[in-house]
Amino acid sequence: MKGLSMVNKSRVEKFSMSELSKLRNELLESPIDTWQAAAVVSAFLVGRGYGADTRTIRDAVIRLDAFGGSMDAMQEVLEAVAYVM
């Protein structure tokens, strides 16, 4: 996922386990496709003052699925796609 980063990782906050858990549950429990999951992740980031390219998020969501949605993988994905607005 290193090729996706748009900012220095030190500028992207470490999201709380509670926030990541809520996001993870929303993604896993809802019958949504990759496009809809990307919209959910985008809303999560925008709500915290970050921007992200929707296409990049879709690619990241697919990768996240491959990692089984672990909290560490979610944090890494969010760091890779988020940029400070």
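The points that follow take up the nonpolar core, the aromatic rings and the charged side chains in turn.

1. The model is predicted, and its largest nonpolar core has 22 residues, with Phe-15, Leu-23, Leu-27, Val-41, Leu-45, Ile-57 and Leu-78 having the most contacts inside it. Helices H1, H2, H3 (54–66) and H4 (71–81) each supply at least two residues of this core, and H2 gives the most, with 6 residues.

2. Leaving aside residues up to four places away in sequence, Ile-57 touches Ala-38, Val-41, Ser-42, Leu-45, Ala-52 and Val-81.

3. The count of aromatic pairs comes to 2. The ring centres of Phe-15 and Phe-44 are 5.2 Å apart with their planes at 65 degrees, so this pair is edge-to-face; because Phe-15 lies in the segment before H1 and Phe-44 in helix H2, the pair ties together parts that are 29 residues apart in sequence. Phe-15 is buried, with a relative accessible area of 3%, and Phe-44 is likewise buried at 8%.

4. The rings of Phe-15 and Tyr-50 are also edge-to-face, with centres 6.0 Å apart and planes at 75 degrees, and this pair connects the segment before H1 to strand S1 across 35 residues of sequence.

5. The structure holds 1 salt bridge, formed by Glu-19 and Arg-48, whose closest N and O atoms are 2.8 Å apart. Glu-19 lies in helix H1 (residues 17–29) and Arg-48 in the loop between helix H2 (34–46) and strand S1 (50–51), so the pair ties together parts that are 29 residues apart in sequence. Glu-19 is partly exposed at 23% relative accessibility, and Arg-48 is partly exposed at 31%.

6. Arg-48 also lies over the face of Phe-44, at 3.8 Å from the ring centre, while Arg-58 lies over the face of Trp-35, at 3.6 Å from the ring centre.

Methods: Residues numbered from 1 in each chain as written. Predicted model: local features only at pLDDT ≥ 70, side-chain atom pairs only at ≥ 80, totals over all residues. Heavy atoms only, no water. Salt bridge = Lys/Arg side-chain N within 4 Å of Asp/Glu carboxyl O. Helix = DSSP H or I, 4+ residues; strand = E, 2+ residues; numbered from the N terminus. Buried < 20%, exposed > 50% of the residue type's maximum accessible area, 1.4 Å probe, protein only. Core = buried A, V, L, I, M, F, W, Y, C linked by side-chain atoms within 4.5 Å. Contact = heavy atoms within 4.5 Å. Phe/Tyr/Trp six-rings, centres within 6.5 Å; stacked < 30°, edge-to-face > 60°. Lys NZ or Arg CZ within 6 Å of the ring centre and 35° of its normal.
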